[in-house]
Amino acid sequence: MLRISSPGAAERRPASRGFTLIEVMITVAIVGILTAIALPAYMEQVARGRRADVQAALLQDAQYMQRYYAAYNTYANVTAAIKPVLPRPTSPVDTAAVAYNIAVTTNTDAGFTLTATGTGSMASDKCNSYTYDNLDQKGPASTRAACWR
């Protein structure tokens with residue numbers, strides 16, 4: 001039996017399976033654009049979380065200083081009397097990547113000042129420094145509105 005094929009039948013190809021190079025390139029471009037948009041927003045949220053943690057740590061350390069004052073009627077000897085100096089000397093305390101170091105920078109009979117200094121990625125952050133004293137004054141004044149919330 002002789003089979004006669006229609007014109008152009010030999011030119012037809014079976015349907016291909018898979019993706020073309022252009023489809024893969026478009027997908028990669030879309031993923032790149034989404035990453036470029038999402039990554040800075042994610043990093044800002046991480047920084048906001050670290051800022052909230054250091055503020056809580058400063059308040060916890062200030063409460064410790066107030067308890068010390070209530071017991072000994074002075075702030076002057078707190079650094080010599082205890083080891084470690086503060087209950088939260090770093091922030092955060094539960095990870096290896098320390099974002100802030102906290103220290104007593106001013107220590108007199110009548111007052112104290114706690115200072116948190118950013119390290120690592122937080123060193124270049126807009127809120128890389130915090131201060132808190134016995135009079136409930138938050139600083140530095142130049143970033144108080146933007147950083148203390």
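These exercises work through strand pairing, a disulfide and aromatic pairs in one predicted model.

Residues are numbered from 1 along each chain as its sequence is written, and side-chain values use heavy atoms, with hydrogens and water left out. In this predicted model, local features need pLDDT of at least 70 and side-chain atom pairs count only at pLDDT 80 or more, while totals for chains, interfaces and linings use all residues.

**Exercise 1. Strand pairing**

Solution: 
- Step 1. Helices (H or I, at least four residues) and strands (E, at least two) are DSSP runs, numbered from the N terminus. Two strands pair if DSSP finds at least two bridges between them.
- Step 2. Take E2, residues 100-107. Threonine 106 has threonine 113 of E3 as its bridge partner. The hairpin of E2 and E3 has 4 residues between the strands.
- Step 3. Take E4, residues 129-133. Leucine 114 is bridged to tyrosine 132 in E4. Threonine 115 is bridged to threonine 131 in E4.

Task: Follow E4 onward to E5, and describe the turn.

Solution: 
- Step 1. E5 covers residues 138-139 and pairs with E4 in the antiparallel sense, over 2 bridges.
- Step 2. Threonine 131 has glycine 139 of E5 as its bridge partner.
- Step 3. E4 and E5 form a hairpin with 4 residues between them. Aspartate 136, in the turn, has a positive phi of about 65°.

**Exercise 2. Burial of E3**

Task: Decide how far E3 is enclosed.

Solution: 
- Step 1. Set the cut-offs for relative accessible area: buried is under 20%, exposed is over 50%, and partly exposed is in between (1.4 Å probe, protein chains only).
- Step 2. Count. In E3, 6 of the 7 residues are buried, so the strand is largely enclosed by the rest of the structure.

**Exercise 3. The disulfide**

Task: Locate the disulfide, and state its handedness.

Solution: 
- Step 1. Search. A disulfide is a pair of cysteine sulfur atoms within 2.5 Å. The whole structure holds 1.
- Step 2. Identify the pair. The sulfur atoms of cysteine 127 and cysteine 147 are 1.9 Å apart.
- Step 3. Read the torsion. About the S-S bond of cysteine 127 and cysteine 147 it is about -90°, so the disulfide is left-handed.
- Step 4. Cysteine 127 is in the loop between E3 and E4, and cysteine 147 is in helix H3 (residues 144-147), so the pair ties together parts 20 residues apart in sequence.
- Step 5. Check burial. Cysteine 127 is buried at 0% relative accessibility. Cysteine 147 is buried at 3%.

**Exercise 4. Aromatic pairs**

Task: Classify the ring pair of tyrosine 68 and tyrosine 72, then that of tyrosine 75 and phenylalanine 112.

Solution: 
- Step 1. Set the rule. Rings of Phe, Tyr and Trp (its six-membered ring) pair if their centres lie within 6.5 Å; planes under 30 degrees apart are stacked, over 60 edge-to-face, and the rest tilted. The structure holds 6 aromatic pairs.
- Step 2. For tyrosine 68 and tyrosine 72, the ring centres are 4.6 Å apart and the planes at 40°, so the pair is tilted.
- Step 3. Both lie in helix H1 (residues 21-72), 4 residues apart, about one turn of the helix. Tyrosine 68 is buried at 8% relative accessible area, whereas tyrosine 72 is exposed at 55%.
- Step 4. Tyrosine 75 and phenylalanine 112 are edge-to-face, at 5.0 Å centre to centre and 65° between the planes.
- Step 5. Tyrosine 75 lies in the loop between H1 and helix H2 (78-81) and phenylalanine 112 in E3, so the pair ties together parts 37 residues apart in sequence. Both residues are buried.
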